[in-house]
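Me: I am new to reading protein models, and I would like to learn how to go through one feature at a time. Could we take the one below together?

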Amino acid sequence: MNNTRINAFRAALPHTVPILAGFLFLGMAYGVYMNVSGFSFWYPMIMSAVIFGGSLEFVAVSMLLSPFAPAEVFLLALMIQARHLFYGIAMLDRFKGLGWKRWYLIYGLCDESFSINFTARIPEGIDRGWFMFWVTLLNQLYWVGGATLGGLLGSLLTFDTRGLDFVMTAMFVVIFLEQLLHERKHYTACIGMLSAVVCLKVFGADSFMVPTMGMILAILVFGRRYLEKTVNPS
């Protein structure tokens, strides 16, 4: 690797360390779950690399054990992963001009990679495209590694995996607080929290995520000029 890639890797790695902790534990829980459901370690390894969507992968276990119903599977997968539509819209400008890396960044755009690549302050002199590439690749490797390890060790471990998914919730809270501390004015944070609360009350805990994303997107689009002037008055 040349210096540009190495420097970008060194800059990206510290940002992904919290993701490593979360993905390792949750990925192992997923691998163990696949194992106790009767699947070889090849299944969690390949599914984590190809699907790369934690929530969908957990649900996919029951899909594989159910009668073949492609239309139902498609609709369920679309509903579970619909929030990525909003992630993609938010990253359109950031992915411009990145050449072949853009296609992998689109494919590997998960919640955690979006959070880092959208909010991280990339050091001066670090190539933006390679920074985002390493963040995305490292996060995917963490998830694939954790799922594969869980699949291999699943038959040897006998512990209750309930509650491990809270690791991801805690990790997002940390990322949110870090971003909150770096902002001088907290308009965007307030928009996100209020939108989530309103949609949670209206749509319920099982269906509030996509409406929340839509509400946030609408507020940011229609209030963009005001927010830009308020946050960056210069």
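Predicted model: local features only at pLDDT ≥ 70, side-chain atom pairs only at ≥ 80, totals over all residues.

Me: How should I read the contacts in the protein between residues at least 6 apart in sequence, and what percentage of them join residues at least 24 apart?

Reply: The idea is to ask how far along the chain the two partners of a contact lie from each other. In this protein, among contacts between residues at least 6 apart in sequence, 77% join residues at least 24 apart.

Me: What share of the residues count as buried, and which residues of the largest nonpolar core touch the most other members?

Reply: Burial is judged from the relative accessible area of each residue, with under 20% as the cut-off. Of the 234 residues of the protein, 36% count as buried. The largest nonpolar core has 37 residues, and within it F23, Y30, F131 and M132 touch the most other members. The elements that each give two or more residues to this core are α1 (3-36), α3 (54-65), α5 (83-90), α6 (101-107), α7 (111-119) and α8, and α8 gives the most, with 10 residues.

Me: Is T148 buried or exposed, and which helix is it found in?

Reply: One residue can be followed through several features in turn, starting with its place in the chain. T148 is found in helix α8, which covers residues 128-153. T148 counts as buried because its relative accessibility is 12%, and the cut-off for buried is under 20%. A polar atom of the T148 side chain lies 2.7 Å from the backbone oxygen of V144. Leaving aside residues up to four places away in sequence, T148 touches F41 and M45.

Me: How many aromatic pairs does the structure hold, and which residues do ring pairs link into a cluster?

Reply: With rings, one looks for pairs and then for pairs that join up. The structure holds 16 aromatic pairs, and ring pairs link F9, W100, Y104, Y107, W130, F133 and W134 into a cluster.

Definitions and conventions. Residues numbered from 1 in each chain as written. Heavy atoms only, no water. Helix = DSSP H or I, 4+ residues; strand = E, 2+ residues; numbered from the N terminus. Buried < 20%, exposed > 50% of the residue type's maximum accessible area, 1.4 Å probe, protein only. Polar contact = N/O pair within 3.5 Å; in protein donor to acceptor, adjacent residues only side chain to side chain. Contact = heavy atoms within 4.5 Å. Core = buried A, V, L, I, M, F, W, Y, C linked by side-chain atoms within 4.5 Å. Phe/Tyr/Trp six-rings, centres within 6.5 Å; stacked < 30°, edge-to-face > 60°.
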